Amino acid sequence: MARLLAAHALLADGWAENVAIDIAPDGNIAEVAVGVTDPDAERLSGHLVPGMIDLHSHAFQRAMAGLAQDRPAGRADFWSWRQRMYGIARRFTPEDLWAVAAALYVDLLKGGYTTVVEFHYLHGPPEGGTYDDPAVMCFALHEAAQEAGIALTLAPVWYARPGIGDEEPTPAQQRFIQPLADFADIVDRVDRLFRDDRDRRIAAAAHSLRAVPPERMAAFAAEIDARDPQAPLHIHVAEQPREVADCLAAYGARPVELLADHVALGPRWCLVHATHISDDERRRMVSSGAVAGLCPSTEADLGDGLFPFADYWREEGVFGVGSDANLLTDAAGELRLLEYGQRLQRVRRLIATRPGEPHCGAALYRAALAGGARAAGRPVGRIAPGFRADLVHLDGDHPLLAGRRGDAVLDTLVFAGGSGAFVRDVMVGGLWRVRDGVHADEERARRGLAETVTRLLE
Ligand SMILES: [Zn+2]
């Protein structure tokens with residue numbers, strides 16, 4: 001049994017001092033005690049908080065970070081960005097995916113994330129069909145997570161068709177699209193690999209209502225239920241006004257309505273983006289307990305629009321944040337952008353607060369932990385017995401944290417510099433992965449990324 005002794009720690013019922021945390025050999029927190037002195041424990045002089053959950057990532061898109069900021073011919077919008085993204089997606093081999101993901105996961109750990117949920121749709125070879133090992137791309141992500149030491153919830157994505165209507169698949173879509181049986185086979189293989197690993201979790205995703213017809217959602221959910229009736233279910237929904245218009249034209253219903261009419265919307269579901277929703281759809285999400293998977297930096301980059309977060313917060317809707325296209329790898333940065341979007345729109349300050357929770361950064365951080373844990377389907381987000389020892393130690397020597405206590409520390413993390421400035425050590429499943437701001441595998445991972453990106457762009 002390893003023992004940490006934190007000068008300050010964020011526990012489920014608030015901040016405490018001199019907190020002893022006993023960690024079992026399996027990486028679970030065994031016991032937490034407050035007001036302890038123990039000369040033999042590993043002392044942490046700063047502020048210890050649960051690591052954040054990145055509830056939505058497409059690791060491969062890290063390779064194109066910064067490369068879609070020049071103007072294409074015609075309109076620059078989500079759809080022109082998607083063409084650019086497809087151009088890179090077509091070229092990825094399993095080795096490329098492994099190298100890009102391994103470097104990304106090092107950066108995510110340094111950015112304060114301890115779990116990543118991969119929404120993964122690059123299944124087959126570029127020309128379509130399946131690899132000899134149909135789950136080889138999933139295994140590349142698993143191995144990258146293993147190398148970096150981040151916990152992984154892997155959501156293989158079912159992509160049944162190119163879009164609403166009789167669209168022809170684009171060349172890049174060939175490798176995403178598969179029959180339900182092939183998708184189920186991948187889920188099966190990943191599930192078997194992950195079964196005895198506490199830092200791995202199988203989930204499943206329907207890409208969107210564009211890619212999976214609503215009448216097939218029940219069949220999709222049934223495939224997962226047969227294997228794991230608790231597995232999280234994810235979907236991209238209502239990211240773009242065009243998707244809303246297409247759904248209304250084809251089905252006479254808006255996307256979230258349509259989804260709620262075809263599946264049992266509940267806490268297992270994570271609705272990614274949900275940007276363009278009506279008041280009624282928002283209330284349905286809130287009452288269902290589904291998680292809103294918000295990706296503020298990507299939504300800003302793609303010009304998606306703003307999720308109605310102020311109303312959703314007031315109604316106590318569940319949410320978490322995701323790095324999505326992975327331009328930003330900073331958990332605190334996503335929370336800051338989420339709040340700032342609403343301040344700019346509403347012309348007022350401190351949106352994510354409520355009676356008893358006056359600290360905006362702290363309230364955002366706590367809520368995103370709870371929603372992220374739900375979307376990842378893992379016992380994380382709390383420093384308490386039975387939860388994983390997934391911990392972030394904030395630098396107690398940082399001049400801006402000097403003399404700050406309690407929720408003011410999280411406010412400073414979120415609004416005054418982000419994770420890069422304050423994250424000092426990061427532990428996943430009881431093992432330190434980042435020490436004094438450095439990841440042991442960082443140099444190698446960065447070299448691998450440089451070689452891969454250079455080759456992909458040739
Ligand atoms: Zn996405």
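Start by selecting His58: with 3% relative accessibility, this residue counts as buried, where buried means under 20% relative accessible area, exposed means over 50%, and partly exposed is in between (1.4 Å probe, protein chains only). You are looking at a predicted model, in which local features need pLDDT of at least 70 and side-chain atom pairs count only at pLDDT 80 or more, while totals for chains, interfaces and linings use all residues. Residues are numbered from 1 along each chain as its sequence is written, and side-chain values use heavy atoms, with hydrogens and water left out.

**The zinc ion**

Which residues coordinate the zinc ion? His56, His58 and His236 do, each through its NE2 atom, at 2.0 to 2.2 Å. Donors here are N, O and S atoms within 2.8 Å of the metal (3.2 Å for Na, K and Ca); water is not among the atoms, so sites may look incomplete. Along the sequence the spacing of the donor residues reads H-x1-H-x177-H. His56 is buried too, at 0% relative accessibility.

Select Ser57 next. Ser57 belongs to strand E5 (residues 52-57); strands (E, at least two residues) and helices (H or I, at least four) are DSSP runs, numbered from the N terminus. Is Ser57 buried or exposed? Its relative accessibility is 0%, so Ser57 counts as buried.

Show the side chain of Glu118 as well: the side chain of Ser57 makes a polar contact with it at 2.8 Å. A polar contact is a pair of N or O atoms within 3.5 Å; within protein, one must be able to donate a hydrogen and the other to accept it, and residues adjacent in sequence count only if both atoms are side-chain atoms. Setting aside residues up to four places away in sequence, Ser57 touches several others, including Leu104, Val116, Phe119 and Asn326; contact means heavy atoms within 4.5 Å.

**Strand E11 and its partners**

Move on to strand E11 (residues 269-273), where five of the five residues are buried. Strand E10 (residues 233-237) pairs with E11 in the parallel sense over five bridges, and two strands count as paired if DSSP finds at least two bridges between them. To see one of these bridges, pick Val237 and its partner His273 in E11.

E11 also pairs with strand E12 (residues 291-294), again in the parallel sense, over three bridges. Here, Leu271 has Ala292 in E12 as its bridge partner.

Zoom in on Val426 to find Val434 of E16 opposite.

**Salt bridges**

How many salt bridges does a search of the whole structure find? The search finds 37, a salt bridge being a side-chain nitrogen of Lys or Arg within 4 Å of a carboxyl oxygen of Asp or Glu.

Pick Lys110 and Glu442, whose side chains meet in a salt bridge at 2.6 Å, N to O. This pair links distant parts of the chain, 332 residues apart: Lys110 is in helix H2 (residues 94-110) and Glu442 in helix H15 (residues 442-457). Lys110 is partly exposed at 24% relative accessible area, whereas Glu442 is buried at 12%.

Then try Asp407 and Arg366, which meet in a salt bridge at 3.0 Å, N to O. Asp407 lies in helix H13 (residues 407-415) and Arg366 in helix H12 (residues 360-376), 41 residues apart. For a network of salt bridges, select Asp279, Arg282, Asp311, Arg314, Glu315 and Arg346.

**Last stop: Leu410**

Finish in helix H13, at Leu410. Leu410 counts as buried, at 0% relative accessibility. Leaving aside neighbours within four places in sequence, its contacts include Leu10, Trp15, Val49 and Tyr365. Looking back to Arg314, the C-alpha atoms of Leu410 and Arg314 are 21 Å apart in space, and the two residues are 96 apart in sequence.
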